[in-house]
Each structure stands twice: as structure tokens, then as C-alpha cells.
Amino acid sequence: MTQSAENVLDHFELFRGPEYQSMLANKRELFENRRDPAEVERVREWAKTAEYQEKNFAREALTINPAKACQPLGAVFAAVGFEGTLPFVHGSQGCVAYYRSHFSRHFKEPTSCVSSSMTEDAAVFGGLNNMIDGLANTYSMYKPKMIAVSTTCMAEVIGDDLNAFIKTAKEKGSVPEAFDVPFAHTPAFVGSHVTGYDNALKGILEHFWDGKAGTAPKVERQPNGKINFIGGFDGYTVGNIREIKRIFDLMGVEYTILGDNSDVWDTPTDGEFRMYDGGTTLEDAAAAVHAKATLSMQEYCTEKTLPFIAGHGHETVSFNHPVGVAGTDRFLMEVARLTGTEIPDALARERGRLVDAIADSSSHIHGKKFALYGDPDLCLGLAAFLLELGAEPTHVLATNGSKGWAAKMQELFDSSPFGKNCKAYPGRDLWHMRSLLFTEPVDYLIGNTYGKYLERDTGTPLIRIGFPIFDRHHHHRYPVWGYQGGLNVLVRILDKIFDTFDANTNIPSKSDYSFDIIR
Amino acid sequence: MSMSETQNVAEIKARNKELINEVLQVYPEKTAKRRAKHLNVHEAGKSDCGVKSNLKSIPGVMTIRGCAYAGSKGVVWGPIKDMIHISHGPVGCGQYSWAARRNYYIGTTGIDTFVTMQFTSDFQEKDIVFGGDKKLAKIIDEIQDLFPLNNGISIQSECPIGLIGDDIEAVSKVKSKEYEGKTIVPVRCEGFRGVSQSLGHHIANDAIRDWVFDKAEGKDAPAGFEATPYDVAIIGDYNIGGDAWSSRILLEEMGLRVIAQWSGDGTLAELEATPKAKLNVLHCYRSMNYISRHMEEKYGIPWCEYNFFGPSKIAESLRKIASYFDDKIKEGAERVIAKYQALVDDVIAKYRPRLEGKTVMLFVGGLRPRHVIGAYEDLGMEVVGTGYEFGHNDDYQRTAQHYVKDGTLIYDDVTGYEFEKFVEKVQPDLVGSGIKEKYVFQKMGVPFRQMHSWDYSGPYHGYDGFAIFARDMDMAINAPVWKMAETPWKAKPKPHLMAAE
């Protein structure tokens, strides 16, 4: 027996003891009817080959380990960025349990969201009663300032009409007539979580700007000098939004963040649970129509929202999740141009410090090959930074990336000599990536937590950047935008590179001559 | 400081009743009436907890429950390691449940085992419009092509499948025939079915009955399988953090032979061999009583509920299991209890003084709202409130008759609002619930352990698990961080609930 009160062994060590090892071997031998180990080994090797890759890439129907989620997740993300707003997802209730868990596992924070809990009878008769009762309950219990409605695929398949349902619910007194209930249809079988973010944000702005679903006059736009900022679906939203606010304050820019999740997903432990915290005020959301321009940090998160805003007379500018020097330069210069402000010297010095850091360290990154996957904008932003560092983003994969995205990636590759042998993979998944990592190996992999399976199977060291990050803590508190954010990304990459150097040079009298104390 | 230390039972009951009335005030009348039936204060001697259960959740209240798909794919089928489980429908369900439940297993993932992978048909609009059966057929072909060592396939239906009229049973039959009788199991666990995960468990059990047992009938036992008089199957242990392993070792040490694990670290061969067991030992009654009853009726296999949380219940359970066998096994049970007594004594000597008198409120699924109570009591702790996410009346009967004390607050399918309010007023020393609840209570300064995933620790089953359980509860409650929650230069804030303002 290995267990003791003095030194309690949990799953990390307990099962490595001889009693458990022989127990597990017996189970396998006698009851599992397992395959011949030689056959397992043969298939394991075969799955590394070009022949397997060809079969793998010929897949037409099966998706394995995708790097995307479904629309309503993005709708919930967008909704909680508004003051006192409770997301309400119309459809099956299990979905909401999943979204809440998913966000809580990433941010290590509570995520409040309700469901209309539709079941079989609603599937037959429609979910109107669920909407009527649900809005009434949510309003009474949680005292939100706004309830933002989106849909699960169940409600979409049966064709529930949110506009009509909400109107009826208001007539039935579920919530006061003037209470804000913006909505968006977010079918899970179209697009991905970034699409849901886009639809939900557009739904909220449409509500405030275009007459609250016919219940109020449209807001007459009176242009002012402010700008609106949209972050998009972003696992680093806490750190990023705070960094953007700091930058805007340094520049003296007047701004509105449309969807500010930086407080609700970073509340203090001080004895009080804040179901709502921070967020864009509803007044600001409505007044944002008067801004002179709107910036989207992620083009593919705002494919519908931005044209909608442009339709209201704004100049709109979109970026692709800018990371690093040139991306941040362009972002700041656009902000300066749009607002007629000057970029203060403090930011020029921050820029210089990032360049300084790159100069200090780039020799360890130069020429290294990277595989990278994530949301389309993140891929573009990170790949651009890698090119700046003299690295080669050899395989760039976005499960929710379109052909248009791939063309944009190719343009980026073409803009740098380091992009020469690089390729974009739209609509592919992490099982495709697995093949690529075997047949065309790279030095490092950048991706979310699920990338650890690729790291285990292919031996490619994983640098965790993306969403979700479940198995490392607090990364979301650190920005990846701005020059400071670039520095954070640089350090994260370098730490992994140096850890890998050390791990590969630590065998005494064999490889440890390179186990250098100075790198 | 716990209120229960300074109050007698009558006072606690009065306080809890008042508390229930207070939380009901927030609801619209119709909802208050419905919720009132799910909340109660336990009266000693009653045969159940006096609450309604297994009813629809009310829209908009923030239920903690999941869906039938979660009950089937997430709980019952997902851990069967040598089969590929297709999340059939849009991408999300499979994505959010991907490897999130820590069903440990041994195997080469992606080659001969597949638990921590996400296979999905990633439905697009055209699949909704034209149906997904052709796509499903193609998916099965592609699986056969790319994963030749898979031993079977299950199709886990997401909401749209049942709504668009797909015939996954027909596809399964055709493909099974095409692949020489391969086990392909269609599961009708669409998320809108039933009121919680619970129906998903039932549907998943029935699918094993119909598509695994019935199919295996007449087939020879797996190669090398020779029955013995001591063959048992572990039913309803999902090997979270290795729970089934730290249970199996005790059964084997007492002389039994475990021929199958359902379903943590389990294989298709083990499912197929189970009708040859002499006894099914059932841990999670809620999720697998159905198949146990079926095996009793059809194959005459008795089943026996057991509880491997905490030494008192473990010893009781080992003796109960042994009572189905001869003296050799009965002696074996005593030998095992004696073997671990020193460990138990050491664990209790170390941790009980730190935990004595501490109070706990639970809200979990399956068996845990009652099963873990004994383990807390072994450490001198007291469970003052408990409830089931998706329990039925038979769960509340077991709870009332064997577990909870007089005056315990009972809350079925608790809402976010109720749970916060209860904890705020009762002020337990520890809350045990899930990831969605964890950070709510930690913000309030209340120590918390996830009692679904063991907060990424475990195992908690068996004697080895009890040591880990004790260590974890101690580190939760006695972590220095909870002394720092109050800002020293601010007056002590009143217990505060935003939603109630």
C-alpha cells in the first residue's frame, strides 16, 4: 500500500504504484479484449505517414477535434459585456449549462446566463410560453438592466420567432414595455462562436439605434468626436480591454467600448458575489450611434455588425487581432487619424521597448517554424507577429476560417520572405493539424489548451495562446494587444523556447554541455 | 462560524423554513408555487425528503441542470474507451463536453482508445434542411478508414436530429451489416428530451440493452474469458480522477474478480461480458439502475448498491457485497477492512481535528448529494443542506432513510438565486457543487470544492481516495486565502446578494 496520511498521493502518483499497475495490466489482459500491442504500434506509426495524411485530408463528413464552438457561446460573450445584462438563451437548457461551464473553466470566474428550458412539448408547440415565463422569472429574480436573448439550435430548427415572442411576452407583462430585450437568432449550424458574437452585438446595437424593435423612435444620429471600439470574441478580453482603455486614456481619446467584459470576468474575492459588474452602460450603447467612427479589433467577429454600423454613417475600420509592432502601429495611427489626436511619447517609448525586447531575443526565434491555430483574426495577428520576429508560421489553421480568410493569410505570407513556405488551412481541424505536424514538422505549436494532445502525440512544444485555456491560470488577465501585449506574447514564446532548450540538454555527461546558464 | 453549533434542531428547522419562505418571495406567484414543492426541511423519520423531483425546470430561473445528451454522451457512453462516440449535430455540444469530465483510462488515444477526442458531424444548414443520414453514413466510413482499431461506434444525438426526422437507427443497421456486424449504436439522447441529464442516462442504458446485449447474445464469450464464482461488475463508476480504480482494487483484494467497469475505463468487451457476472455492484444508482434492473430480470443477476466514500460506508459496503458470497469473500472483506484500518486511523487523526464541527452544503448530481455525507461525518463534519440536480424520488427516499439529519435543508433542482441565498444565510464552512457554482461562492468568501470533478484532484473513492478527500477538504477550508477576503480598512460588509437588491 502506497497511500499514507503523511504523504497523500493523488492521481498523479497513486496509480503508478505496483498494486495498481498489476491490477490495470490484469484488467487489460483478461477483460478488455484489447488489440495486439504490435498492431497498435503499427497503426500508431501508420497514422504519422503521408499516406494517412492523404486519407485524413480526404475527409468530407467527419470533423475531429475542431477548433471552434457554436454561435450562442459568442452571443453570451457579447451580452455580458453590457451593464447589468443577463444573457437569455432560448431553447434547450443543457446548452446554457455548457456555455457557463466553458467560460468559467477559462476565466475562473462565474458566468451568469439563463435558459428558457424548452423540452418536448415546446418542440411540438413552440417555445412561446417558455419565453413568457422565462422573461418574467429572470426579470423578477435577477433584476437585470437588460436581458439579451439568443437561440440554441433547437429553437432555430422549430422556427421560433424571437421578435414576435418578445413582443407577446411584453404584452403579457413578463417585463415592462420599455425594458430592453435585444435579441439575435444564433443558429449553431451556421458559422461558429465568432458568428454568434457578431449577431448578438448587432442585435444589441440594432435595438438601441433602430427604435427598439418598433417600440421607440429611431435615434437621430448627431455625430460627435468619439470613437467606438469593439474587441470581438477574445479569450484575453480582461487584459486586452484594460490595455486598450489605458492606451486611449494616454492618447486623450474619447471612446466607448462596445461590449466591455473586463470587469464581469475579473471580479474581486472580497465577500461579495457580483452577478453583474462593469460593462458598457446602456446609455453609452445607445449614444454610440453618434460616434464618428467605429473600430473593430477582429474583422471576422464583426462581419455583419460593422456594415450595420457603417450604414449609420460611421467610418469603420477593422483589424485582425493585431499583435506586435506593425499591427499596433497601424492600430494607433488609425486611432490618431480618426480622432485627430497625437500619439503620445509614452506610447512611442513603449514601442521602443518592445522593439528592444525583440532585438534582444529574436535570435532564438529567427528561422524557427511554427504551427498555429485559432480563430481567424487571432491567426492573422499572431502570424504577422511571428513574421516580425523572423519566424515562419508554416501551418496556420482556422476551423472557422473561410476561403476569404485563407486568401488574406496568403497575402500576409507573401508580404514577408519568412512567409515563403507557409500555408493557411481554412475549415480544417486539429486531426488535420496532427497529420501536418508529423509529415511537415515544425519547432513549436501555438494554440489553445486542446493543443496539448498534439504536443503529447507529436512532441511539438505547445505555446498556449488562444481560447479556451483551461489548464493554465490567469493568462486572460494579461493583454496581448498594444506594445505591452506584444511583450507578453514575446515572453510567453521565449519561455517555452528556453524551457525546451533546457529540457533537451539536461542529460548529464551526454547533452548537458549545452545546458547553459546564460541564454 | 456555523449557526448550527449554537442552535438546537428546532431553531434550525424554524430558520430553514423561514429561509425557504424568504427565497420564494422573489418569484412571480406561479413560479413560487412550483418552486415551493422542491424546497423543504427534512423531518427525521420521514420516508423521503418531502420534495418533488424530476420535474421540468422553470424557464429563466438559472437551473444548474444539463440535458439528455450530457447524460448519455457525457456520462454513460463517453468513457467507453475503445468505441468512437459521434456527437451528431452542430459542433457545440461535443466541444463543450470534450474531455471535461476526467474519465481516466489507459490506452493510446487516437489509435485504440478515443475518450478525450471530439468526433462531430458538425451540422451545417444544409444538413438541417436535407437531413443528416447520408452524412452520418459517410462519417462511419471515414471512421473505419482512419481509425481501424476502433471496436465500435455510438451516435449521440443532439437536439436537431429528432426534430428533422433523421433515421439514425436505419443508418446504424445498414452500416453494421456492411462492416461485418460491427457494433454501431444509435442513441436518441437529443437534449430537449426529458427534464435533465437523467433521461439521457436512461436512454443510454436502454441503448446498451438493445444494441449491445441483444446483439451479443449467442456470441461466444471474449477469448480467454472463463467465468468464476466470484465475478462481479462495477456499475455506475465513471473513473473520475481514477475512482473506479481505487474501488476495483478493494473488490479484488477481498477476493472478487471484476469483469467489467461501467463505464469509466471500460470497453465494449466488458459491457458484453457483464451478463456473465454473479453480482452487479452499483455505485451511481441514478444513472445505471436501469441496466442493473434489466440484467436482474433478464439474466437473473442480483445487484447491490454500495458507497465507497469514507471508511464507515466503505466497510459497510464491503460487508454488504460480501454477504452475496461465501465465507472466503466475507473473510476477504474483513481482511481488507483490517488492512486499511491503520491508514484510516492516521487520516482521521491528522484531519479530523482541523475539520471537526465544520458544516457543508452540497448540490450535486447522481449519487453524491447523499453518498459523500458519510465521508464528511467520518471527518467530524456535518452536512446541513443538500439537493439533487436531477434526482428522482427514489434518491430522496434513500437520502432521507440513510443519510441526512433532522432539520437538513433540502433543495431540488436549486436555482442560482436560491442557492446563493441559502449559503448566504446558513453560512456553511464549505460548499460542494460544480464549476458554475464554484466562483460564485468563492467570491463570497466561502470555501468551495467541485464535487463533480473533484476539483481536478481525486480519486475520492475507496480508502486511498478517502485520504485525498480529507486532504482536499482541509486545504479548501483551512486555506489562508479565506482570511484575506475582507479588506482590512473597510467595515465588514453585510452578506450581500446583488440579485436581491
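Predicted model: local features only at pLDDT ≥ 70, side-chain atom pairs only at ≥ 80, totals over all residues.
The interface between the two chains is formed by 125 residues from chain B and 107 residues from chain A. About 9900 Å² of area is buried between chain B and chain A, and carbon and sulfur atoms contribute 62% of that area. On the side of chain B, the residues that lose the most area to chain A are B:M62, B:Y96 and B:K443, which together account for 10% of what that side buries. Polar interactions are also found across this interface, where 46 residue pairs are in polar contact, with both residues of each pair at pLDDT 80 or more. By class, the side of chain B that touches chain A comprises 62 nonpolar, 36 polar and 27 charged residues.

Between chain B and chain A the count of salt bridges is 11. One of the pairs is A:K68 with B:D122, in which the closest N and O atoms are 2.8 Å apart.

Over all chains, the structure holds 71 salt bridges. In general, side chains of opposite charge can pair when their charged atoms come close.

A salt bridge between separate parts of chain B is formed by B:K13 and B:D406, with the closest N and O atoms 2.9 Å apart. Because B:K13 lies in helix 1 of chain B (residues 9–24), while B:D406 lies in the loop between helix 17 (393–402) and strand 12 (409–411) of chain B, the pair ties together parts that are 393 residues apart in sequence. The two partners fall into separate accessibility classes: B:K13 is buried, with a relative accessible area of 13%, whereas B:D406 is partly exposed, with a relative accessible area of 29%. In another pair, the side chains of B:D472 and B:R471 meet in a salt bridge of 3.0 Å, N to O, and both B:D472 and B:R471 are buried. Salt bridges that share partners also join A:K27, A:E32, A:R34, B:K81, B:D112, B:D265 and B:E270 into one network.

Turning to the strands of chain B, strand 10 (residues 359–362) is covered on both faces, with B:T359 and B:M361 on one side and B:V360 and B:L362 on the other, all of them buried. In a regular strand, side chains alternate between the two faces of the sheet. Strand 10 of chain B pairs in the parallel sense with strand 11 of chain B (residues 382–386) over 3 bridges, and B:M361 has B:G385 as its bridge partner in strand 11 of chain B. Strand 10 of chain B also runs parallel to strand 13 of chain B (residues 430–433), to which 3 bridges join it, and the bridge partner of B:L362 in strand 13 of chain B is B:G432.

Two loop residues of chain A were examined individually. A:D260, located in the loop between strand 6 (255–257) and helix 12 (282–287) of chain A, counts as buried at 6% relative accessibility. The side chain of A:D260 is joined to that of A:S262 by a polar contact of 2.6 Å. When neighbours within four places in sequence are left aside, A:D260 is in contact with A:G81, A:I241, A:K245, A:G279 and A:T280.

A:G235 lies in the loop between strand 5 (227–230) and helix 11 (237–251) of chain A and is buried, with a relative accessible area of 5%. With neighbours within four places in sequence again left aside, the residues in contact with A:G235 are A:H106, A:F107, A:F467 and A:H476. Computed from C-alpha to C-alpha in the model, A:G235 and A:P376 are 14 Å apart in space, and they are 141 residues apart in sequence.

Methods:
Residues numbered from 1 in each chain as written. Chains lettered and ligands numbered in written order. Heavy atoms only, no water. Contact = heavy atoms within 4.5 Å. Buried area = accessible area lost by both parts, 1.4 Å probe. Salt bridge = Lys/Arg side-chain N within 4 Å of Asp/Glu carboxyl O. Polar contact = N/O pair within 3.5 Å; in protein donor to acceptor, adjacent residues only side chain to side chain. Nonpolar A, V, L, I, M, F, W, Y, C, P; charged D, E, K, R; others polar. Helix = DSSP H or I, 4+ residues; strand = E, 2+ residues; numbered from the N terminus. Buried < 20%, exposed > 50% of the residue type's maximum accessible area, 1.4 Å probe, protein only. Pairing = 2+ DSSP bridges.
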